[in-house]
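Subject: Structure handover

Hello,

Please find the structure below, followed by notes on what was found in it.

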Protein chains: 2
Amino acid sequence: MNAVGVVVEYNPFHNGHFYHISQSKEKSNADVVIAVMSGHFLQRGEPAVIDKWHRTKMALQNGADLVIELPYVFSTGHATLFSEGAIQLLEAIGCTNFAFGSEEGTIHPFLNTYKLLKVHEEQYNALIKQYVATGISYPQSLYKAYEELRETEQSQTIDLSKPNNILGYHYIEAAKRLNLRIEPMTIPRIQAGFHEDINTESTIASATGIRKAIFEQQSLEKIKQFVPEESFMLLADWQQQYSSFVQWETFWPYLRFAILRNTAEQLTRFADVSEGIEFALIKAAKKSNSFNEFMTQLKSKRYTWTRLQRMVTHIYTGITKEQLHYSAKPSYIRLLGMTKNGQAYLSQYKKQFQLPLISRVASTNDPMLLLDIRATDMYALGVELASGKKIAVDYQTPPIRL
Amino acid sequence: MNAVGVVVEYNPFHNGHFYHISQSKEKSNADVVIAVMSGHFLQRGEPAVIDKWHRTKMALQNGADLVIELPYVFSTGHATLFSEGAIQLLEAIGCTNFAFGSEEGTIHPFLNTYKLLKVHEEQYNALIKQYVATGISYPQSLYKAYEELRETEQSQTIDLSKPNNILGYHYIEAAKRLNLRIEPMTIPRIQAGFHEDINTESTIASATGIRKAIFEQQSLEKIKQFVPEESFMLLADWQQQYSSFVQWETFWPYLRFAILRNTAEQLTRFADVSEGIEFALIKAAKKSNSFNEFMTQLKSKRYTWTRLQRMVTHIYTGITKEQLHYSAKPSYIRLLGMTKNGQAYLSQYKKQFQLPLISRVASTNDPMLLLDIRATDMYALGVELASGKKIAVDYQTPPIRL
């Protein structure tokens, strides 16, 4: 059996994801699709709109055969770390290929870009330094340095201003740097851009657009056309049970409590909290009555929204710099769910996996897994605060079977 | 002007307190009554039923001329520490006497007990050791050792099984040990015992009984006869504004969150958390849906309810062992409120106070005062969680004037 891997958040699962899975399977001639999915806290420093169990079901209902969890260490990390974790896990579980969606749509320009930056590494770094010195932001400096190099290049390279191209590039870079055997593929994204509002004449919308519609409308009707029917049912189930979807506002009372329970100095112990912002965090938390007010006070040229959200993620979960030691190597494969086909794949190959397969977390001392469990517990408390209802937690929940 | 000091929690203020204040003033021939009052977290490890501003008003309306705050470090401490803080503050603000309520009712037996234990200190300690070695609890061992010594003594000594006698003894012991000039007095307590239920044929009930009635009835009617009219009005105001009175159950969601956001090892950093209980704290927090469930799971011979409550107080406020360094010396006199008479006393004597008088905490680096502010902030968040309403916080609140 041949397996293709996809790196996903499914926040929530939509028609574009369905298209991506089916294309990935078809183009790779795979028998099995394996999704490595972030748990409850995501790459842009946000809690997922619904829990990982519901999102696992959505994936299994729509073409994924196995869903494994991207550990918290990686799922909340910057692009390099995120990619290292995800691609190593797909390699460890035996995928021949990984397939990512991109604006570019074909793989060669990615490989050309990788080669260009590899060959001119020194020059590239020097250019970045020069741009940073002029006072422009680091991401902007990266982009300008790349564009300058790119002008000298004959072969086709990718546009690194497109978010999915950037992620794809990081996947490839991680696979190459770590000498993995897994091969990259890309599937062109269709229609919807990344941050766009939903377009009622289409059946494709971005997850960002869908979330925006959910929170603004407080209703699911507007998004019905953009998600598979089973996913819609799961979203509706969640809404009925927990009243609302999860966003930082839901967790705001706990987040504020978590911030104000520290001295400024103690706040800097939490992962990703940069020295110098601790006083501003406390001041903003004291003054604000909502997450949005809080963030608006903190946002500046120096601290982007995403960077701030990553800090508050770790403050919320209570995870310190010492705990999130940026281990670049996953230590387990955590199974969240499987179809019958996925189960057949596991039976056949699990002895060859490069990492232990974990189906139940009943008792563990693995520090990386303990962080996943903590993140789930803290997410569960936040949902319970808002809804008065409990969600499934790691200790009691076996993998979902479909 | 002559000042007499009283050490109080006023949780809430009742007729017994009124009697105690007026007797203290009369018997000491004082012109001014100064109350050193605990802030939001009290000696038995509990949050106060209403905030310190309301309790200050109650005191000023009923005979106290000045209310100063007993810092968190002392107000949440064991009897020795609590007494050291309170009596030193009363000395620092110029009180000639302090007057405590006791079951004993006259001062000589207290002084005899103090002398007895001082003279036979070695023998006393040896006896305690012997009793502890037989497996009985430390407080029980203290008591038995004392009773054994007491049998050999001719003069009248106090019964140390009575809670107010114990506290009074600690006040005297602190004053003597620290060589303070302030002189002890005692006022006999009338009628109500300490832990009794309320008795509808009396106008005196213990604060414990009154709190029990408030929480069990969810109504103030039952306690009307036991509190001065103005205090009743303030309690009714609070109830109208904040729906309910504060108890640990009110803060339970935050407390659970605060516990589960730590590893077992991290939990032991909080003040008073004994090594060895950290795993039980986490386990109980995970399993429990209320504070009462949580405590019932934790209580054991080794850990009394009060000791456990002190631990959770510090976990709730986020105050570590390092922060609560058991400084035995207050560093300021924090003014919470004053009558005109109290104000006259301040004008006349404040230059002679042994510690700086703080009326506003606008900007401070005093680590002891920062803990008081933290405690208020955390108490305020808990009240807001339950009621959706804010209470006065330290930075914005000047002393109450009556």
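Is Lys286(B) buried, partly exposed or exposed? With a relative accessibility of 38%, Lys286(B) counts as partly exposed. Please keep in mind that this is a predicted model.

**Salt bridges**

Lys286(B) forms a salt bridge with Asp377(A), and the closest N and O atoms are 2.9 Å apart. This pair crosses between the chains: Lys286(B) belongs to helix α13 (residues 278-287) of chain B, and Asp377(A) to helix α17 (residues 367-387) of chain A. Asp377(A) counts as buried, at 12% relative accessibility.

Over all chains, the structure holds 20 salt bridges. Another of them joins the side chains of Arg177(A) and Glu173(A), at 2.9 Å from N to O. Both residues sit in helix α8 (residues 163-177) of chain A, and because they are 4 residues apart there, about one helical turn separates them. Arg177(A) is partly exposed, at 35% relative accessibility. Glu173(A) has a relative accessible area of 19%, and the limit for buried is under 20%, so Glu173(A) counts as buried.

In chain B, the side chains of Lys52(B) and Glu69(B) meet in a salt bridge of 2.8 Å, N to O. Lys52(B) lies in helix α2 (residues 52-61) of chain B and Glu69(B) in strand β3 (residues 66-70) of chain B, so this pair ties together parts that are 17 residues apart in sequence. Lys52(B) is buried, with a relative accessible area of 0%. Glu69(B) is buried too, with a value of 3%.

In chain A, a network of salt bridges links Lys52(A), Glu69(A), Arg334(A) and Asp394(A).

**How the two chains are related**

**Strands of chain B**

Strand β2 (residues 32-38) of chain B is mostly covered, with 7 of its 7 residues buried. Which residues lie on each side of β2(B)? Val32(B), Ile34(B), Val36(B) and Ser38(B) are on one side, and Val33(B), Ala35(B) and Met37(B) are on the other; all are buried, and both faces are covered.

Strand β1 (residues 3-8) of chain B pairs with β2(B) in the parallel sense, over 6 bridges. Within this pairing, Val8(B) stands opposite Met37(B). Between β1(B) and β2(B) the chain passes through helix α1 (residues 15-28) of chain B, and this β-α-β crossover is right-handed.

β2(B) also pairs with β3(B), in the parallel sense and over 5 bridges. Here Val36(B) stands opposite Ile68(B). Together, β2(B), α2(B) and β3(B) make a right-handed β-α-β unit.

**Strands of chain A**

Strand β6 (residues 333-338) of chain A is mostly covered, as 6 of its 6 residues are buried. How many bridges does β6(A) form with strand β3 (residues 66-70) of chain A? The two pair over 3 bridges, in the antiparallel sense. In this pairing, Leu335(A) is the bridge partner of Ile68(A).

β6(A) and strand β7 (residues 357-358) of chain A run parallel and are joined by 2 bridges. Arg334(A), which is also part of the salt-bridge network, has Ile358(A) in β7(A) as its bridge partner. The chain gets from β6(A) to β7(A) through helix α16 (residues 340-349) of chain A, in a right-handed β-α-β crossover.

2 bridges also join β6(A) to strand β8 (residues 400-401) of chain A, and these strands run parallel. Gly337(A) stands opposite Ile400(A) in β8(A).

**A buried residue and the domains**

Ile87(B) is found in helix α4 (residues 79-92) of chain B and is buried, with a relative accessible area of 0%. Leaving aside residues up to four places away in sequence, Ile87(B) touches Val7(B), Phe98(B), Tyr171(B), Ala175(B), Leu180(B) and Ile182(B).

For chain A, the domain assignment gives domain 1 (106-161) and domain 2 (248-321). The C-alpha centres of these two domains of chain A lie 32 Å apart.

Regards

Terms used: Residues are numbered from 1 along each chain as its sequence is written. Chains are lettered from A and ligands numbered from 1 in the order in which they are written. This is a predicted model: local features need pLDDT of at least 70, side-chain atom pairs count only at pLDDT 80 or more; totals for chains, interfaces and linings use all residues. Side-chain values use heavy atoms; hydrogens and water are left out. A salt bridge is a side-chain nitrogen of Lys or Arg within 4 Å of a carboxyl oxygen of Asp or Glu. Buried means under 20% relative accessible area, exposed over 50%, partly exposed in between (1.4 Å probe, protein chains only). Domain bounds come from an automatic or database domain assignment. Two strands pair if DSSP finds at least two bridges between them. A crossover is right-handed if, with the strands pointing away from the viewer, the path from the first strand over the helix to the second runs clockwise. Contact means heavy atoms within 4.5 Å.
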